Amino acid sequence: MGILSYIVIAIFLIVTISYWIILESFWSGLGIGILVIFLLWIAFLPLWIARVKKHPHSLAIFLINFLLGWTLLFWLIALIWAFVGKEDK
C-alpha cells in the first residue's frame, strides 16, 4: 500500500471516530466517514484519472486540483486536462 492509502484510511478513521463520539451512534459516524471519503474521491477525480493514464503533467493537474479545485471552474479544467494529452510511455 502506498502512503496515499494510509492517508485515506487515517482520514476515514478520524472522521468516523469523531462523529461516533459527537453523535453517540456508530452507524452515523460510519456513514459520515464513508461520505467524507467518497467526497474526497470525487474532489480528486482529475488526479486519479491523470495518474491512471500516466499523464505527463499529473503534478500540475494535482496542484491545480489541490489549490484551486474547490472552485468548480478549475476542477473542470483539471478534469478536462486529465482526459486530454498524450500518455507517458
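# Rings, helices and a nonpolar patch

Visitor: What makes F38 partly exposed and not buried or exposed?
Guide: This is a predicted model, and in it F38 has a relative accessible area of 46%. Buried would call for under 20% and exposed for over 50%, so F38, at 46%, is partly exposed.

Visitor: And which class does W41 belong to?
Guide: W41 has a relative accessible area of 44%. That value also falls between the two cut-offs of 20% and 50%, so W41 is partly exposed.

Visitor: How many aromatic pairs does the ring rule give?
Guide: The count is 5 aromatic pairs.

Visitor: Why is the pair of F38 and W41 called stacked?
Guide: Two values decide the matter. The ring centres of F38 and W41 are 6.3 Å apart, and a pair needs centres within 6.5 Å. Their planes meet at 25°, where stacked asks for under 30 degrees.

Visitor: How do you know what separates F38 and W41 along their helix?
Guide: Both sit in helix α2, which covers residues 26-43, and they are 3 residues apart, so about one helical turn lies between them.

Visitor: What makes F62 and F66 an aromatic pair, and of which kind?
Guide: Their centres are 5.6 Å apart, to be set against the limit of 6.5 Å. The angle between the planes is 20°, and the cut-off for stacking is under 30 degrees. The pair of F62 and F66 is therefore stacked. In helix α4 (residues 58-68) these two are 4 residues apart, which means a separation of about one helical turn. F62 itself has a relative accessible area of 27%, so F62 is partly exposed.

Visitor: Which residues do ring pairs link into a cluster?
Guide: The cluster consists of W20, F26 and W27.

Visitor: Let's step back to the whole chain. How many helices and strands are there?
Guide: There are 5 helices and 0 strands, and from the N terminus the order reads α-α-α-α-α.

Visitor: Why is the chain called more spread out than a compact globule?
Guide: For 89 residues the globule rule gives 12 Å, whereas the radius of gyration is 16 Å, well over that value, so the chain is more spread out than a compact globule. Along the principal axes, the C-alpha atoms fill a box of roughly 50 × 30 × 15 Å. Buried residues account for 20% of the 89 residues.

Visitor: Which residues form the nonpolar patch on the surface?
Guide: Among them are L59, L63, F66, W70, F74 and I77, and the patch has about 950 Å² of accessible area together. Helices α4 and α5 (72-83) each supply at least two of its residues, and α4 gives the most, with 5.

Visitor: Finally, where is V8, and how is V8 placed relative to L40?
Guide: V8 lies in helix α1 (residues 3-23). V8 and L40 are 32 residues apart in sequence, and their C-alpha atoms are 9.0 Å apart in space. With a relative accessible area of 33%, V8 is partly exposed.

Methods. Residues numbered from 1 in each chain as written. Predicted model: local features only at pLDDT ≥ 70, side-chain atom pairs only at ≥ 80, totals over all residues. Heavy atoms only, no water. Phe/Tyr/Trp six-rings, centres within 6.5 Å; stacked < 30°, edge-to-face > 60°. Buried < 20%, exposed > 50% of the residue type's maximum accessible area, 1.4 Å probe, protein only. Rg over C-alpha atoms; globule rule 2.2 N^0.38 Å. Patch = residues over 30% accessible without salt bridge, like charges linked within 9 Å, V, L, I, M, F, W, Y side chains within 5 Å. Areas by Shrake-Rupley, 256 points an atom, 1.4 Å probe, with all protein chains shown as cover. Salt bridge = Lys/Arg side-chain N within 4 Å of Asp/Glu carboxyl O.
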